[in-house]
Structures are given as C-alpha cells and as structure tokens.
Amino acid sequence: MAKLRLQYIHEYVDRHGKVRRYFRHRNVKGPLPGIPGSAEFMAAYQKFLGVDTHACPARHLGSALPGSFGALINEFYGSRPFLNLKQSSRHTYKCVLEPLAAKHGHRDARKLDHKTASTLIEDIGATKPAMANLTRSVLKRVMQYGIKAGYVDANPFIGIDRHKVGSFHCWTEGELQQFEQRWPMGTRQRLAFELLLRTAQRGGDVVKMKRSDIVNGELHVIQQKTGVELYLPVAPELERALRAYPANGLTLIARGDGRPITRAGLQRMMCHAVEAAGLPPRCLPHGLRKACLRRLAESGATEKQIASWSGHKSPQEVARYTAAADQRQLAKDAISRGRK
C-alpha cells in the first residue's frame with residue numbers, strides 16, 4: 001500500500017500515548033483531526049495549505065493598466081509556468097514579485113529595458129546579493145512569459161551577471177573532533193550532529209526523519225527542496241547515536257519534550273552547541289553536509305556515488321561541495337611527484 005506523504009505535517013505522542021498531528025508552516029499552524037487521508041483530515045489540511053499559500057499575498061491587480069508591468073505579473077500568476085511550480089516555489093515567486101508590483105506595477109512593461117533591469121538588480125545586490133540573484137531568476141522567467149504573451153519583444157534580464165555570494169564553510173576534521181569531544185554520545189546535540197554529518201542531508205530534511213523511515217538498515221528520505229528520493233545506509237556512528245539518546249517521539253531528532261523540532265530550532269540548538277564547543281561561528285549545520293560529501297570524495301567515491309547521497313543532479317553541484325577534497329588530493333599528488 002502506498003504511504004501518504006504530505007508536507008508541513010508534524011506528529012507527536014501526547015501524555016496519554018495518542019498520536020497527534022498538526023499543520024505548521026511559517027506563520028500558519030493548527031490541529032489536524034482524524035486519520036491522514038480521511039475526508040476531515042484532508043479538508044483541514046487543504047484549508048491550512050490555502051492560507052499558507054497566501055502567506056505572502058498576491059496583489060490581484062485587476063485595475064492595472066493593459067500592457068503594464070503589474071498586468072504582466074497578474075497574468076503570469078494564472079499562467080501554466082507559474083501553476084506548474086511547487087507550492088513553496090509559488091510562495092517564493094510571490095514574495096519577490098509583490099514588492100516590485102507595488103513599486104513598479106504602473107510602468108509600461110515595454111519600457112523595462114536592459115539598462116533599467118540591470119540597475120534594478122544592482123540596487124538589490126548592493127546589500128542582498130542572494131536576493132538579487134533570486135530576483136534576477138524570477139524576473140527572467142516572468143519576462144520570458146511576457147514575450148509569449150505579447151507584453152515585450154525581448155527579455156531584458158538575459159545577460160545580467162549573477163552576484164557572488166558566500167558559500168558555507170566545510171567543517172575540518174579538527175573541528176569535527178572538537179565538537180565530538182564536547183558533546184559525547186547520549187546528548188541531543190551529538191545526535192543532531194551525527195544525523196547532519198552521516199546522512200549529508202539538509203536541516204529541513206533531517207527534522208522530518210522518523211524512526212519508521214528506517215527499514216532494514218536503510219533510511220528513506222524524500223528531499224523537500226528537490227523531491228529526490230533516497231535510500232541511505234545507516235552509518236554505524238549514527239546507529240550508536242540513535243541508541244544512546246533515549247527515544248521519546250516519532251522523529252529521529254526532536255525537542256527535549258519529544259515534540260517535533262523545526263529547522264530553525266535545529267539551527268539554534270546547533271549554533272549554541274558550536275559556541276559551547278569553542279568552535280567559530282562559521283561552523284554551521286549545513287557545513288556538516290559538505291563535510292560528509294568531502295569525506296566521500298577523499299575516500300575515492302565517484303561523482304555518481306556522491307550524488308547518490310547528496311541528491312544533486314548536476315556534476316557542477318557535486319564539484320562545488322567537494323572542492324576541499326579536490327584541493328587536498330591535488331596537494332598530496334603534487335608532493336608525491338616532487339619526491340620522485
């Protein structure tokens with residue numbers, strides 16, 4: 001029988017031993033009645049999902065002038081390229097487009113030339129380079145739709161360079177050992193550490209992992225960001241950490257009271273643990289994902305083998321995550337050649 005998998009659902013066992021479920025995503029939360037898949041459960045779920053869809057509400061620009069930038073955005077919201085996006089991606093698009101619609105919605109879409117588009121992206125990039133890159137990508141797709149819909153003749157965002165953004169620090173072996181010494185097996189901090197390091201998954205996926213997802217020594221993961229399905233062998237160190245920390249909830253890592261922990265909660269806990277271990281602030285949870293992939297690369301794993309853990313689809317992404325291992329191996333090769 002197929003297992004029903006829905007986003008943003010959190011489960012916990014109350015003090016009477018009954019499983020409770022509730023919806024929580026951003027600022028929307030509430031209890032979910034009945035059994036997953038039942039009419040009352042799905043009705044409540046759809047209601048919460050509908051509210052969350054408008055967490056960054058779209059301005060229905062019915063009064064926007066024909067041919068204006070606002071009218072283009074409004075029409076884009078009803079287009080197939082937008083409706084084909086995942087719910088989370090629609091939310092992201094709206095959060096990018098709504099401020100622009102409020103500020104520039106009255107302007108003629110045809111007057112948004114390459115120079116104006118470049119200035120718009122540069123202004124954002126001066127303080128928020130990552131947001132500038134996101135805005136560039138979203139508007140590039142909107143204007144591509146605008147060409148087909150007859151709003152514009154060319155896409156002014158083509159040719160605009162991406163801003164350079166920082167990358168997450170990959171934990172060194174010394175930093176990994178320092179954390180392990182401060183937080184031994186049996187602590188919740190060590191369990192979180194092992195889950196992030198031994199599975200190479202993002203924090204948002206780690207907090208959703210359940211004990212029922214482990215079958216015959218394999219951890220079943222469906223990545224929230226990409227939708228990629230993975231089956232990962234449970235490493236001996238992770239198995240030790242799971243046995244050492246007493247289980248009091250459905251998820252592999254939870255709050256102290258056994259209730260599900262959020263990605264933000266996991267981030268805060270790990271940042272406090274890093275500080276207590278005397279490690280620098282650059283040692284973020286996502287850097288443990290990079291450390292796992294670096295170790296795989298250093299052990300001689302191929303790109304396909306590394307991607308089977310990370311879920312990446314392009315060699316470029318794998319290469320970006322394993323750059324530290326490449327440098328280390330090249331340095332070893334260089335010194336060995338120099339000794340001949």
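**Figure 1. Pairing of β4 with β5 in the predicted model.** Strands β4 and β5 run antiparallel and are joined over two bridges. The model shown here and in the other views is predicted. V215 has E218, in β5, as its bridge partner. The two strands form a hairpin with two residues between them. In this hairpin N216 adopts a positive phi, near 55°.

Figure 2. Antiparallel pairing links β5 and β6 over five bridges. H220 has Y231, in β6, as its bridge partner, and L219 stands opposite L232 of β6. Six residues lie between the two strands of this hairpin. Within the turn, G227 has a positive phi of about 80°.

**Figure 3. The sheet formed by β4, β5 and β6.** The sheet is open and has three strands in the order β4-β5-β6, with antiparallel pairing. Its edge strands are β4 (residues 214-215) and β6, each of which pairs on one side only.

**Figure 4. The two faces of β6.** In a regular strand, side chains alternate between the two faces of the sheet. In β6, L230 and L232 make up the covered face. The uncovered face of β6 consists of E229, Y231 and P233. L232, on the covered face, is the residue that L219 stands opposite. Y231, on the uncovered face, is the bridge partner of H220.

**Figure 5. The largest nonpolar core.** This core holds 45 residues, and W171, F179 and L266 touch the most other members. Two or more residues each come from the helices α7 (173-182), α8 (188-199), α10 (236-244), α11 (263-276), α12 (286-298) and α13 (303-310), and from the strands β5 (218-222) and β6 (229-233). Helix α8 gives the largest share, six residues. Apart from this core lies another, of 28 residues, which includes F69, F76, V142 and V152. In soluble globular proteins, nonpolar side chains tend to be buried together.

**Figure 6. Surroundings of F179.** F179 is one of the residues that touch the most other members of the largest nonpolar core. Leaving out residues up to four places away in sequence, F179 touches W171, Q189, F193, M270, A273, V274, A277 and L279. Of these neighbours, W171 is also named among the residues with the most contacts to other core members.

**Figure 7. K29 in β3.** K29 belongs to strand β3, which spans residues 28-31. Is K29 buried or exposed? K29 counts as exposed because its relative accessibility is 65%, and the cut-off for exposed is over 50%. Residues up to four places away in sequence aside, K29 touches F23, R24 and F48. I9 is 20 residues from K29 in sequence, and their C-alpha atoms are 9.6 Å apart.

**Figure 8. V19 in β2.** Strand β2 covers residues 19-25 and contains V19. V19 has a relative accessible area of 33% and is therefore partly exposed. V19 and L250 are 231 residues apart in sequence, with a C-alpha to C-alpha distance of 9.1 Å.

**Figure 9. Cysteines C95 and C271.** C95 is partly exposed because its relative accessible area is 28%. C271 also counts as partly exposed, at 30% relative accessibility. With a limit of 2.5 Å between cysteine sulfur atoms, the count of disulfides comes to zero.

**Figure 10. Residues 51-62 and the confidence of the model.** The mean pLDDT of the protein is 83, and 84% of its residues reach 70 or more. Over residues 51-62 the pLDDT is below 50. This stretch has 26 contacts in the model beyond near neighbours in sequence. Where pLDDT is low, the predicted coordinates should not be read in detail.

**Figure 11. The whole chain, for orientation.** The protein contains 15 helices and six strands. Of its 340 residues, 43% are buried. Among contacts with a separation of 6 or more, 62% are between residues 24 or more positions apart.

Methods:
Residues numbered from 1 in each chain as written. Heavy atoms only, no water. Core = buried A, V, L, I, M, F, W, Y, C linked by side-chain atoms within 4.5 Å. Buried < 20%, exposed > 50% of the residue type's maximum accessible area, 1.4 Å probe, protein only. Helix = DSSP H or I, 4+ residues; strand = E, 2+ residues; numbered from the N terminus. Contact = heavy atoms within 4.5 Å. Pairing = 2+ DSSP bridges. pLDDT = per-residue confidence, 0-100.
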